[in-house]
Amino acid sequence: MDRLDREILGILQQDARISYRDLGVRVGLSANAAADRVRRMRRDGVIRGFTVIVDPAADARGGLVVFIDLTLRQDTTNEAFEQQVAKLPGITEVVHVTGEYDYLVRARAADPTALDALLRRLKRDAGVAQSSTRIALRAAARPPGTQVQ
């Protein structure tokens, strides 16, 4: 990846629906050259997909969007945890992280009772020793011009 690829990624992170023509204009390439770079980054796994970020307050489904920091029990492997957590309802993202916790999980729960049930299942079925949960209040916008370093 070069400087131009990083610039393209930054633009796509702000607006993944931008046309190849407009993307090319912003980075000084033709539409075809911009499209070729995006296709190459997708093929190489740099771009793993495109998504929509929904403000939890605007989501018509209601419920809670939560971020759960997790520490695994000593007898739980990462592989075993990842297999078990994939089976749990409401889990939308699982990220292995550095720092005080082992994983950061993003999930959706209908209400506090459903959240409690999810936390209990994480501890009982997925080998979690400790958790710390935060509830999303709203999604903040990314500052204009922010891009991947």
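By about what distance along helix α5 are D116 and R120 separated? Because they are four residues apart in helix α5, D116 and R120 are separated by about one helical turn. This pair is one of several described in this report.

**Basis of the model**

The structure is a predicted model, in which local features need pLDDT of at least 70, side-chain atom pairs count only at pLDDT 80 or more, and totals for chains, interfaces and linings use all residues. Residues are numbered from 1 along each chain as its sequence is written, and side-chain values use heavy atoms, with hydrogens and water left out.

**Overall architecture**

The chain contains five helices and four strands. The chain has 149 residues, of which 30% count as buried; buried means under 20% relative accessible area, exposed over 50%, and partly exposed in between, with a 1.4 Å probe and protein chains only. The accessible surface of the chain is about 9900 Å², and carbon and sulfur atoms account for 49% of that area. Such areas come from the Shrake-Rupley method with a 1.4 Å probe, and for residues only the protein chains shown count as cover. A contact requires heavy atoms within 4.5 Å. Among contacts between residues at least 6 apart in sequence, 65% join residues at least 24 apart.

**Nonpolar cores**

A nonpolar core is a set of buried Ala, Val, Leu, Ile, Met, Phe, Trp, Tyr and Cys residues joined through side-chain atoms within 4.5 Å. The largest one in this model comprises 19 residues, and those with the most contacts inside it are I68, L70, F81, I91, V105, L118 and L122. At least two residues of this core come from each of β1 (64-72), α4 (78-85), β3 (103-109) and α5 (112-125). Strand β1 gives the most, with five residues. Apart from this core lies another, made up of twelve residues, including L4, L12, I18 and M41.

The surroundings of L70 can be listed in detail. When neighbours within four places in sequence are set aside, L70 is in contact with F81, Y101, D102, Y103, V105, L122, V128, Q130 and S131.

**Salt bridges**

Across the whole structure, twelve salt bridges are found. The term denotes a side-chain nitrogen of Lys or Arg within 4 Å of a carboxyl oxygen of Asp or Glu. Three of these pairs are tabulated below.

| Pair | N to O distance |
|---|---|
| D5 and R40 | 2.9 Å |
| D36 and R39 | 2.9 Å |
| D116 and R120 | 2.9 Å |

D5 lies in helix α1 (residues 3-14) and R40 in helix α3 (residues 31-43), so this pair ties together parts that are 35 residues apart in sequence. D5 is buried, at 2% relative accessibility, whereas R40 is partly exposed, at 27%. Both residues also belong to a network of salt bridges that links D2, D5, R37 and R40.

D36 and R39 are three residues apart in helix α3 and are therefore separated by about one helical turn. D36 is partly exposed, with a relative accessible area of 45%, and R39 is partly exposed with a value of 45%.
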